[in-house]
Amino acid sequence: MHHLRHKKILIGITASIAAYKTILLVRLLIKSGAEVRVIMTPSSREFVSPLVLSTLTRHEVLIELASQELWANHVMLGRWADLFVIAPLSCNTLSKMVSGQCDNLFMAVYLSATCPVLVSPAMDEDMWKHPATQRNLLQAIEDGVKVLPVGYGELGSGLTGEGRMAEPEEILQAITRILAYKHNPLAGLKAVVTAGPTYEPIDPVRFIGNRSSGLMGISVANELFLAGADVQLVLGPSVLKPLNGIETIRVQTANDMFDATVPLFEKADIGVFSAAVADFRPAEVYSQKWKKDNGGVFPGISFKENPDILKHCGLNKRKDQTVVGFALETENEESNALKKLESKNASMIILNSLNDAGAGFGEETNIISIFDDKGGQAKFSLQLKSELAVHIVEAIINYRTK
Ligand code: CTP
């Protein structure tokens, strides 16, 4: 697949053990048809050989200025590139990026780059968690840098924890997505996304929940963010994390989700309601844990209806707001989805079918159809949820320009 043909990618390497993985990333990029140039910080030479990278890219790897060379020529690299990808990003270079320090060629290129910048940090867990690093990261995000999450696992120090650089395939995917949205079609727009299950307490330790992983909603939040929107994610209990730069509000119950989402939606342009909200909650929450020696029976639970977040936002939406809901149907799928579009006053409903193998809750893949209130319909075959999220965001963009 040559989906990056004619794309110009500048790869920046800084001093970290993870630099060996960047060789694989460069190979993947070249296989995808991209034109790749590499720039390294002087100390990163200790971690990966410039010869390997110049051989792979068939271009000189820039580290320092050779005598007689013009500084300005190299600085032009940041204008040449469609995207500057810094992988691995060390905490030292991160710190220089946010303070604007220009003490080597690498920093001169960064500071004069006019293209988007994507970074994939790699560091030891303690360094990663240090308030200075986290503060710098927030500043970099504010400066417009897109930051990939770090992974958990074995670290260069021999310890295990958070701080691993993203895998080359993940970085390639992010690069592909950012370049697809080069013109930031959603720039200046605010989006709120609900995702994950809700947990409705029975007593202090027990709850009623569901098997939603939050993957579909988080994937949509990531795509909206990559397309340039300012994204707020209201997330029920889920172990998954969205991209850095997405503001995440953690909630437990449907009521909490409603209270968090409604005021955000009022200020948003787009609302995507993908959470698997419990329709009912126990009417009474026991203040103590219910013990089994209470006669060996668990008391009956009566239920109260939870607020419907999608319906509330749909019915109160302004003309300029786009409301996207999900439907999970097992019979008369299409007519039920259309009914839901109307009853919830949504702009768009994404129908997932429970009848299809490999689709839905707890799976990484799904099959969806999209129906909108302007009569539009589209069906998508079995795909990864991250790929379907791309189609959903494209459908939202098209809908808004219809
Ligand atoms: N939804 C919500 N708040 C609720 C319940 C649902 O925001 N309290 C949203 C979901 O996020 C989803 C859509 O509404 O976008 C699902 O609609 P729902 O009425 O729950 O339908 P189903 O779950 O498909 O099931 P049923 O039709 O059986 O109610």
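Okay, let me start at a helix end: Ser-49 caps the N-terminal end of α2, residues 50–57, with a side-chain oxygen 3.0 Å from the backbone nitrogen of Leu-51. Helices here are DSSP runs of H or I with at least four residues, strands are runs of E with at least two, and both are numbered from the N terminus. After α2 comes Arg-58, with a positive phi near 60°.

Quick housekeeping. This is a predicted model, where local features need pLDDT of at least 70 and side-chain atom pairs count only at pLDDT 80 or more, while totals for chains, interfaces and linings use all residues. Residues are numbered from 1 along each chain as its sequence is written, and side-chain values use heavy atoms, with hydrogens and water left out.

Now the ligand. Its shell has 15 residues, and the closest are Phe-273, Ala-275, Phe-326, Lys-340 and Lys-344; a residue is near if one of its heavy atoms lies within 4 Å. Which element gives the largest share of that shell? That's β16, with four residues. By type, the shell splits into nine nonpolar, two polar and four charged residues.

A backbone N or O atom of Leu-310 sits 2.8 Å from a ligand oxygen, and one of Ile-309 is 3.0 Å from a ligand nitrogen. On its own the ligand has 580 Å² of accessible area, and the protein covers 74% of that (Shrake-Rupley, 1.4 Å probe; for residues, only the protein chains shown count as cover).

The ligand takes up the second largest pocket. To sit in one, more than half of a molecule's atoms must lie within 2 Å of its grid points. Pockets and cavities come from a 1 Å grid over the protein atoms alone: in a cavity a 1.4 Å probe fits but cannot get out, a pocket is an open set with protein on both sides within 12 Å along at least five of seven lines, and lining residues have an atom within 4 Å of a point.

So what's the volume of the largest pocket? About 1,400 Å³, where grid points are joined across faces, edges and corners, and the volume is the space filled by probe spheres set on the points. It has 42 lining residues, and closest to its centre are Pro-149, Asn-222, Lys-241, Pro-242 and Leu-243. α10 gives the most to the lining, six residues. The lining divides into 21 nonpolar, nine polar and twelve charged.

There's one cavity of 30 Å³ or more, and the largest cavity is about 40 Å³. Its lining includes Leu-118, Ala-174, Phe-225 and Leu-243, and β5 (146–147) and α10 each give two or more residues. That lining is seven nonpolar, no polar and one charged.

Most peptide bonds are trans, and most residues other than glycine have a negative phi. The bond from Ala-87 to Pro-88 is cis, omega near -5°, and Pro-88 lies in strand β3, residues 83–89. His-6 has a positive phi near 70°, in the segment before β1 (8–13).

Definitions and conventions: Polar contact = N/O pair within 3.5 Å; in protein donor to acceptor, adjacent residues only side chain to side chain. Nonpolar A, V, L, I, M, F, W, Y, C, P; charged D, E, K, R; others polar.
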